[in-house]
Structure formats: C-alpha cells, structure tokens
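Reader: I am new to reading protein models. Please take me through one, feature by feature.

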Amino acid sequence: MPVILGIESSCDDTSAAVLKDGFVLSNVIAGQKVHEAYGGVVPELASRAHQQNIIPVVSEALRQASVRVTDIDAVAFTQGPGLLGSLLVGTSFAKGFAIAGNIPLIEVNHLQAHILANFIKEPGVESRHPSFPFLTLLVSGGNSQLIVVRDYLDMEIIGQTIDDAAGEAFDKCAKVMGLPYPGGPVIDRLAQEGNAEHFLFSKPRIPGLDYSFSGLKTSFLYFIRDEVKKEPDFIRNNLNDLCASLQKSIVDILLHKLKKAAWETGIKQIAIGGGVSANSGLQAAVRSEAIRSGWEVYIPRLGFSLDNAGMVAVTGYYKYMAGQFTGLDTVPFARTTLS
Ligand code: KG4
C-alpha cells in the first residue's frame, strides 16, 4: 500500500497529512489568525502565511506519522477550487517535493476530498463509512452542493447554490452583528441559548435542487438595520435569539433540498461534509430526519470536516490506486467543479 503525503492550502489553513497502510497517521493543520482583524480572509495575507507555514507543517506531519521523507510514495495536493495565491503555495511545494523524491504527483479536487473524508480511517478509531451510491450535502465557506456519489472517483452535482454558500451566509450575518470571523462557529455557540422561533427570516423559492442564500442575508441585514434604528442595543439585547433564528433558517433551507434530493434519487445513505457540517443545529436536524426517513447518516469528525490534508491524502490514495497521476505542468484553479 502506498504512503501518501497530502497537502491542503486552498484557503486559510495550511495542512499536511500522511496516509500509510490505509490509515491517516497525522493531520496537522495550521490556521491563520491574521485574518480575524479584517472580518474575513485576505487572500494576499493567506498566501504569505501559507509560505511561512508549509515546511513546518509538513515536517510535523512526517514526525507525528514516524515517516521519513524517503518513505513517501506519492504527494497529493489540492488543485482547486480555492484562492489562487493560496493554492499556488501548496501546488509549488508539492511539485518541488515530487521532483526531489522522484515520486508521482496527484492533483486533488477540494470538493471531492471533502466527500472522501467519509472514508478516512485512523488507527485505533472505529469508523463507519457510507456505501455507494450515497448522497452528500457539501456545505462550506465557498460551496453548498448536493452530490450523488456513485464511486470514490465518480460523483455528480445535482444541486448547488446560485449565489452565496451557506458558510458565507453564516459569516456575513455574523459580521452584521459585529461577531468575529469565522462567524459560523460563533453563531452556533450563541444559538444554543437562544429561541430559534423568535425571529422569522425570508426563505428562498428556488426551483429544483439548487440553493440560494443571498436573499436571507439581505433580509437579515435590512431587519437588523431597521431594528437598530428603533433600539440601538437591539443586537446585544437579542443576540442569542438572533443567532438561533438565523441558524434555524439556514438549516431549514439546507434540509429542505436535502430531503427533496433523497426523495427524488431514492438514496438513503446521507453524508454531510465541509465546514458547516460541524454546525450542531444542522447535525441535529439531519439526525432527526434520519429517524423519520430511515436514512443512515455519516459525518466526518471535526478535524476532517473543516479544511484538512487528511481528506487530500485519502483522495490521493484512491487516485493512486486508479493510476490517476499528473504532470509537473499542472496548475491550480480558483474555480473548478467535480468532473
Ligand atoms: O470547509 P471549511 O473549513 O472551508 C472552506 O470554506 O472550504 O468551511 C469554513 C466555513 C466557514 O464559513 C465557517 O463559518 C463555517 O465553515 N463553519 C460553521 C461551523 N464551523 C465552521 N458554520 C456553522 N456552524 C459551525 N459550527
């Protein structure tokens, strides 16, 4: 079985992971605090931080896995989608590593990697994995998609957002309330103490299996603006209820199309992935729908649902087994879809 080094640098996390004997032995992630002051990721700062982090992160991943550079059989890296400058750092590092070790290079689609995170095995950890075909709700800061997964490397997008992603809706609404970036986890925490029925926000009416979150974001913004005019302390006085109601709206939107997709495809194996899959409201809603509809639900643990290289290494493994390698002339793509 090949030993794979995975590299992830699509946004603001620099990550490296080692997969050996089918197990992810290390998954080191360096976040970037520099963006907090700006309320969002600043692309130029992200690429510079990746440059500083990449070598220490890879060294630490090799150390934790007790693997030497010369033990690596192939290097897999995130080719896109993501921020071009950030992707370039991981891509260039992976190319250099492949040349130095004279080993194959494997390009990995970030979205595919989020889905294949469901197949990560860790030593000493019991894990369940979906069987094919399964349906994935992939929700992150950049994506909201419904995907039918027929095999490890055979996936089809059947619905996606026509504007903002779910994570963006969380982050932008958090910014409106003066909460720090990334807003999703903060809203999730504050929502625990709030009444989700207190405020009602507009829901999109989009045909088919596509999503839309820009209407919700705008209605939230206008609502807050009008209420703050009447009551300057409105946000502070209602913070928990605002977070709970907003979270419920986003979760309802996500679940509505997930149920429709499950019903239309007849698939009952359901996986959720991407950063927003960590949301406690979404997890609870999917699990209770699972009881009602007889679904089997799969959610990677937190370290593998946010951006991480473990998912890149496992995708690299399946591509290695399928003989899908790439040349040194490969380039990153800011926008790519699942082929
Ligand atoms: O997958 P990810 O780490 O990065 C990409 O966008 O690729 O996802 C980050 C997104 C951010 O928008 C963040 O606010 C959101 O995931 N997020 C959450 C939670 N944890 C992370 N959103 C809602 N609830 C959470 N607990």
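Reader: Is Asn102 buried or exposed?

Author: Start with the scale: buried means under 20% relative accessible area, exposed means over 50%, and partly exposed is in between (1.4 Å probe, protein chains only). Asn102 is exposed because its relative accessible area is 72%. This is a predicted model, where local features need pLDDT of at least 70 and side-chain atom pairs count only at pLDDT 80 or more, while totals for chains, interfaces and linings use all residues. Residues are numbered from 1 along each chain as its sequence is written, and side-chain values use heavy atoms, without hydrogens and water.

Reader: Where does Asn102 lie?

Author: You will find Asn102 in the loop between helix 2 and strand 5 (105–109). Helices (H or I, at least four residues) and strands (E, at least two) are DSSP runs, numbered from the N terminus.

Reader: What should I look for in the backbone there?

Author: Most residues other than glycine have a negative phi, and most peptide bonds are trans. Asn102 is not a glycine, yet its phi is positive, about 50°. Ser66, also not a glycine, has a positive phi of about 55°. Ser66 belongs to the loop between helix 1 (43–65) and strand 4, and it counts as exposed because its relative accessibility is 62%.

Reader: How many residues apart in sequence are Arg335 and Pro81?

Author: They are 254 residues apart in sequence, but their C-alpha atoms are 4.6 Å apart in space. Arg335 is in the segment after helix 10 (310–321), and it counts as exposed because its relative accessible area is 78%.

Reader: Now for the inside. How do I read a nonpolar core?

Author: It is a set of buried Ala, Val, Leu, Ile, Met, Phe, Trp, Tyr and Cys residues joined through side-chain atoms within 4.5 Å. In soluble globular proteins, nonpolar side chains tend to be buried together. Here the largest core has 49 residues, and Met177 and Leu258 touch the most other members. The elements that each supply at least two residues to this core include strand 6 (134–139), strand 7 (144–151), helix 6 (214–230) and helix 8 (280–293). Helix 7 gives the largest share, 15 residues.

Reader: Which residues is Met177 in contact with, leaving aside neighbours within four places in sequence?

Author: Contact means heavy atoms within 4.5 Å. On that basis the partners of Met177 include Ile187, Phe220, Ile224, Leu242 and Leu246. Apart from this core lies another, of 32 residues, among them Ala74 and Tyr317.

Reader: What about helix 4?

Author: Its buried residues include Ala166, Gly167, Phe170 and Asp171. The buried residues of helix 4 pack against strand 6, strand 7, helix 5, helix 6 and helix 7. After helix 4 comes Gly178, with a positive phi near 75°.

Reader: How many residues surround the ligand?

Author: There are 19, and the closest include Gly141, Asp171 and Asn279; a residue is near a molecule if one of its heavy atoms lies within 4 Å of it. The shell divides into six nonpolar, ten polar and three charged residues.

Reader: How do I read the polar contacts?

Author: A polar contact is a pair of N or O atoms within 3.5 Å; within protein, one must be able to donate a hydrogen and the other to accept it, and residues adjacent in sequence count only if both atoms are side-chain atoms. An N or O atom in the side chain of Asp171 is 2.6 Å from an oxygen atom of the ligand. For Gly184, a backbone N or O atom is 3.1 Å from a ligand oxygen. A nitrogen atom of the ligand lies 2.9 Å from a side-chain N or O atom of Asn279.

Terms used. Ala, Val, Leu, Ile, Met, Phe, Trp, Tyr, Cys and Pro count as nonpolar, Asp, Glu, Lys and Arg as charged, and the others, Gly among them, as polar.
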